[in-house]
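Thanks for coming. I have one structure to go through today, and I will keep it brief.

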Amino acid sequence: ITKPPTEGNYLATTDSALIVKTLQYINSNRPDIKNVVLDDAQYIMSEEFMANALKSGYDKFNKMAKNMYDIINMGLNMKDSINFIMLTHDDEEEGKSKIKTLGKMLDDKVNLAGLFTVVLYTTTKTNMQGTTYHFVTNKYIDDRGIHIMAKSPVGMFEERLIPNDMGLVLDKIEEYNKG
């Protein structure tokens, strides 16, 4: 696939140029789409890394970082009626959680979390009754002593832990934005 799909609502690809084209197409031509979910975004970088693993030099890392930045930049600059949601794994560095990336450029020069107004982390609690899943809405130190670097505007969420429910999150964001 080299062109964005013109119908449907699902695309499975790690081709960063195609993702940017698809976001542009949705932004200009798909008023029916209200939410764009980029699921497991770090795999876009992982696939590109593995495709270029045998190439020497740092240019491959620079290109990979730039491609990811272009995707995020396009997603964040879509019209206000579209929610851009990026899901990724987290990583821990020096006792703090962060968005998992490959290479240092996105961590050192950009700080991906800084581009987003809302950054939620998933946490699980397991007991005899089973496992429950929650989103962490603001910074805190977890049971392991790791600083969870979640963030959201003051007053958007009443609790630090909320149900792992993207519909609830989108409703709260919309309610907050209406003021």
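I will take a helix pair, then a sheet. Keep in mind that this is a predicted model.

Let me begin with the helices. Two packed helices are described by the angle between their axes and the distance between those axes. Here the pair is α2, residues 42–51, and α3, residues 59–76. Their axes lie 10 Å apart, and the packing angle is about 155°. Angles over 145 degrees count as roughly antiparallel, so α2 is roughly antiparallel to α3. The crossing of α2 and α3 is right-handed.

Which residues meet in this contact? From α2 there are Ile44, Met45, Glu48 and Phe49. On the α3 side they meet Phe61, Lys63, Met64, Asn67, Met68 and Ile71. By class, the residues of the contact between α2 and α3 are 7 nonpolar, 1 polar and 2 charged.

Now the sheet. Strands of a sheet pair through backbone hydrogen bonds, in either a parallel or an antiparallel way. This sheet is open and has 3 strands, in the order β5-β6-β9, with antiparallel pairing. The edges are β5, at 121–127, and β9, at 161–163. Each of these two has a single partner strand, so one side of each is left without a neighbour in the sheet. On average, neighbouring strands of the sheet are turned by 45° against each other, ignoring direction.

Strand β6, residues 130–136, pairs with β9 in the antiparallel sense over 3 bridges. And where does His134 find its bridge partner in β9? That partner is Pro163.

Conventions:
Residues numbered from 1 in each chain as written. Predicted model: local features only at pLDDT ≥ 70, side-chain atom pairs only at ≥ 80, totals over all residues. Heavy atoms only, no water. Pairing = 2+ DSSP bridges. Helix = DSSP H or I, 4+ residues; strand = E, 2+ residues; numbered from the N terminus. Axes fitted to C-alpha atoms, helices over the stretch in contact; angles between N-to-C directions. Parallel < 35°, antiparallel > 145°, perpendicular 65-115°, else oblique. Left-handed = near helix turned anticlockwise from the far one by under 90°. Contact = heavy atoms within 4.5 Å. Nonpolar A, V, L, I, M, F, W, Y, C, P; charged D, E, K, R; others polar.
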